[in-house]
Amino acid sequence: MLALAATVGILLALLVFPAEPGTGPGGTGDPGKASTHVIAPHPAPLRTVVAGQPVTRVAAGLHSLAYGTRSGGVYVETGSTGLRRIAVLTRQVEVLSFDSTGRWLAAADTDMQLAVADTRNPKAPVIRQRLQVASRYYSALPPRMLAIDTSGSHVAVQTDLIGVYSLRDHRPPRWLDFSNPCDSPDDLAFVKGDLISATQGCVNVWNSATLRLYRRAYPPTTGRARIGHGRILYGTFSHVFLLNYRATDPLPHPPVPGPENPEPARGRVIADKTISTRRSPVQPLADDGRIAAAAQDFRLTFWDTASRRILGHTPLPVPPSCAEDKKLATAQFYSSLSPDDKTLTVTAVCGPARTGLAPEEEQRRTTYHHWEIAYPNP
């Protein structure tokens with residue numbers, strides 16, 4: 001539990017719920033083997049306003065939280081130092097991410113401005129850089145995904161393509177070779193010497209030192225993707241499953257066209273039935289190597305991935321207006337798992353039910369809801 005929780009006046013608690021039928025060790029609907037109790041973490045509301053501005057993104061660091069606001073402010077909060085501003089961007093913070101150690105924090109706004117701060121050294125200058133697009137036809141496209149390496153010297157940003165920026169020499173970005181781009185990424189991360197892009201249709205893996213594409217994996221079906229510990233968590237309309245992208249053979253070099261890789265190893269299906277009463281997409285949120293978390297219809301579900309046992313469900317207390325229009329996807333989820341795998345942050349961005357609004361009016365009607373959740377242990 002973060003000491004930070006006390007600063008927002010909320011204590012994280014574990015709630016015990018009766019098990020639902022079909023959520024026992026088999027995970028496939030055998031009421032006779034269902035557990036008597038499951039444990040689900042209770043979501044604690046986080047700040048929705050900082051310095052008078054709505055918080056648009058949050059990220060979990062190591063015993064800290066980061067906030068990005070609509071006006072471009074970037075803040076870090078810890079239990080010992082409280083809330084402090086570390087950077088100011090031009091416009092709304094669109095992407096916010098810690099590196100895998102929790103030291104480096106990168107943020108980018110809708111005006112294509114990037115800022116990187118060393119959170120362990122408050123006196124160190126903030127590194128700033130202007131982001132680019134690969135094609136001028138996408139000049140108005142804001143950054144959609146962002147990842148920073150453990151040295152704080154390289155940032156990967158998804159706009160129309162993925163560009164890797166060297167913060168030491170401020171050279172133009174190195175645009176990554178896709179050969180087969182599949183779809184735009186659902187997740188982007190530096191993981192142990194690799195830069196990984198997980199999409200609905202494939203997983204691309206580059207060597208983070210050479211930026212050479214050397215591995216690709218295709219899931220058996222399309223779905224939303226989340227990068228975990230050496231594997232990808234996919235969510236579809238009815239289930240979530242794990243994909244071991246490291247089980248594929250390296251690509252030949254230079255690459256050759258065609259289906260280069262054999263089918264990757266697919267992990268055990270975590271849930272082979274819908275996890276809510278309404279058939280809707282399952283949004284994968286986090287995978288710490290033992291437990292996977294996903295959201296569907298404003299409810300979180302946690303699984304023990306080894307046994308497929310559902311550990312519990314917990315609702316996200318969004319206002320009724322966020323989900324009142326069942327025909328439209330009025331909410332998008334963003335999540336962040338702390339480097340020590342102890343804290344999950346979840347953001348629900350609730351857009352207006354009406355379509356065709358002017359950008360300023362759409363932004364005014366968009367609301368943001370943020371929670372901190374103690375990640376459960378099996």
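In the hairpin of β9 and β10, five residues lie between the strands, and Gly102 takes a positive phi near 85 degrees. The model is predicted, with local features requiring pLDDT of at least 70 and side-chain atom pairs counted only at pLDDT 80 or more, while totals for chains, interfaces and linings use all residues. Residues are numbered from 1 along each chain as its sequence is written, and side-chain values use heavy atoms, with hydrogens and water left out.

Strands (E, at least two residues) and helices (H or I, at least four) are DSSP runs numbered from the N terminus. Strands β9 and β10 (residues 104-109) pair in the antiparallel sense over five bridges, where pairing requires at least two DSSP bridges between two strands. Ser97 stands opposite Ala106 in β10. Six of the six residues of β9 (residues 93-98) are buried, so this strand is largely enclosed by the rest of the structure. Buried denotes under 20% relative accessible area (1.4 Å probe, protein chains only).

Of the 378 residues of the protein, 52% count as buried. Among contacts (heavy atoms within 4.5 Å) with a separation of 6 or more, 50% involve residues 24 or more positions apart.

A nonpolar core is taken as a set of buried Ala, Val, Leu, Ile, Met, Phe, Trp, Tyr and Cys residues joined through side-chain atoms within 4.5 Å. The largest such core has 21 residues, and those with the most contacts inside it are Leu285, Leu300, Phe302, Phe333, Val346 and Tyr375. At least two residues of this core come from each of β25 (283-287), β26 (291-296), β27 (299-304), β29 (331-337), β30 (343-350) and β31 (367-374). The largest share, four residues, is that of β30. Beyond its neighbours within four places in sequence, Val346 is in contact with residues including Leu285, Phe333, Trp371 and Ile373. Another core, of 16 residues, lies apart from this one and includes Ile196, Tyr214, Tyr245 and Val269.

Strands β29, β30 and β31 also belong to an open sheet of four strands, ordered β3-β31-β30-β29 with antiparallel pairing. The edges are formed by β3 (44-45) and β29, each with a single partner strand, so one side of each is left without a neighbour in the sheet. Two bridges join β3 to β31 in the antiparallel sense, and Glu372 in β31 is the bridge partner of Ala44.

Note on methods. Buried means under 20% relative accessible area, exposed over 50%, partly exposed in between (1.4 Å probe, protein chains only).
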